[in-house]
Amino acid sequence: MSDAKRRVAEAAAELVEPGMRLGIGTGSTAAFFIEALGRRVTGGLEIPPAAATSRATEDAARKAGIPLVDMMGPNAPRELDLAVDGADEVDPELRLIKGGGASLLREKIVEALAARLVVIVDASKVVDRLGAFPLPVEIVPFGWASTAHLIRDRLGVEPKLRQVRGETLKTDNGNFIVDCAFGSIADPEAAAHTLSQIPGVVEHGLFLGMASEALVSDGHDVRRLAPA
Ligand code: 5RP
């Protein structure tokens with residue numbers, strides 16, 4: 001799948017025009033985008049400092065020579081022209097599940113600022129209905145088990161605290177992730193609303209009404225999907 005990821009990432013890097021204010025996503029597909037954008041920037045493309053969606057992306061962007069804005073400071077942008085990011089699932093309405101890389105909160109903050117969000121995925125991520133990929137939900141550590149109980153009671157799913165190498169994963173924001181295996185999400189908007197009402201839930205990985213288009217590749221061609 002890395003050929004497919006590289007192809008869509010390179011196609012997305014070609015969308016960047018001089019002066020564009022960018023948001024840069026996180027993950028293995030976004031990493032190819034960072035490499036391709038970095039080549040353009042070191043080749044002379046001039047862009048203002050971009051917004052990175054994770055510490056990993058900050059590190060990769062710096063190495064690639066891409067200037068970054070300080071998202072912790074007062075000059076964090078109010079709007080962006082273009083954000084480019086991967087996804088874990090994309091449905092025909094371009095609703096997304098994101099957060100497989102645990103960066104969903106920063107991704108949502110940055111991508112909500114973008115006039116255009118281009119999603120870059122290999123063809124395996126395109127689904128008829130969201131939910132086979134367990135939905136990541138970022139929750140605060142205080143009372144995490146209580147929050148997980150509420151998620152289970154209100155949504156009928158079993159949230160699983162994400163572990164990495166035997167340790168509870170902490171996000172870049174110091175929070176935990178619970179992965180919620182729905183199997184299939186019949187009504188993503190209702191699930192998103194229910195999750196957002198639960199105290200302790202910081203953000204969920206349903207990105208609804210945000211993507212403008214998706215670039216999809218099976219490793220050969222790149223096709224463009226617009227919302228159904
Ligand atoms: C990170 C994400 C990623 O975009 C998503 O997990 C896809 O990753 P990859 O490009 O490595 O398949 O949402 O939080």
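Predicted model: local features only at pLDDT ≥ 70, side-chain atom pairs only at ≥ 80, totals over all residues.
Buried here means under 20% relative accessible area, exposed over 50%, and partly exposed in between, with a 1.4 Å probe and protein chains only; strands (E, at least two residues) and helices (H or I, at least four) are DSSP runs numbered from the N terminus. In a regular strand the side chains alternate between the two faces of the sheet. Both faces of S7 are covered, with Leu135, Val137 and Ile139 buried on one side and Pro136 and Glu138 buried on the other.

S7 pairs with S11 in the antiparallel sense over five bridges, and leucine 135 has cysteine 180 as its bridge partner in S11; two strands pair if DSSP finds at least two bridges between them. S7 is also joined by three bridges to strand S12 (residues 201–204), and these two run antiparallel, with histidine 204 in S12 as the bridge partner of valine 137. Residues are numbered from 1 along each chain as its sequence is written, and side-chain values use heavy atoms, with hydrogens and water left out.

## Aromatic rings

The structure holds one aromatic pair, formed edge-to-face by tryptophan 144 and phenylalanine 176 at 6.4 Å centre to centre, with 70 degrees between the planes. Because tryptophan 144 lies in helix H5 (residues 144–155) and phenylalanine 176 in strand S11 (residues 176–180), the pair ties together parts that are 32 residues apart in sequence. Rings of Phe, Tyr and Trp (its six-membered ring) pair if their centres lie within 6.5 Å, and planes under 30 degrees apart count as stacked, over 60 as edge-to-face and the rest as tilted.

Tryptophan 144 is partly exposed, with a relative accessible area of 32%, whereas phenylalanine 176 is buried, at 11%. Elsewhere, the charged end of lysine 98 sits over the ring of phenylalanine 207, 5.6 Å from its centre, a description that applies if NZ of Lys or CZ of Arg is within 6 Å of the ring centre and within 35 degrees of the ring normal.

## The ligand site

The ligand is surrounded by 18 residues, of which Ser28, Thr29, Asp88, Gly99 and Lys125 are the closest; a residue is near a molecule if one of its heavy atoms lies within 4 Å of it. A polar backbone atom of threonine 26 is 3.0 Å from an oxygen atom of the ligand, and a backbone N or O atom of glycine 100 lies 3.4 Å from a ligand oxygen atom. Taken alone, the ligand exposes 380 Å², and the protein buries 91% of that, the accessible areas coming from the Shrake-Rupley method with a 1.4 Å probe.

## Two residues with positive phi

Leucine 94 has a positive phi of about 60 degrees although it is not a glycine, and this residue is placed in the loop between strand S4 (89–90) and strand S5 (96–97). Arginine 165, also not a glycine, has a positive phi of about 50 degrees and lies in the loop between strand S9 (163–164) and strand S10 (167–168). Leucine 94 counts as buried at 1% relative accessibility, whereas arginine 165 is exposed, with a relative accessible area of 79%.

Notes:
Polar contact = N/O pair within 3.5 Å; in protein donor to acceptor, adjacent residues only side chain to side chain.
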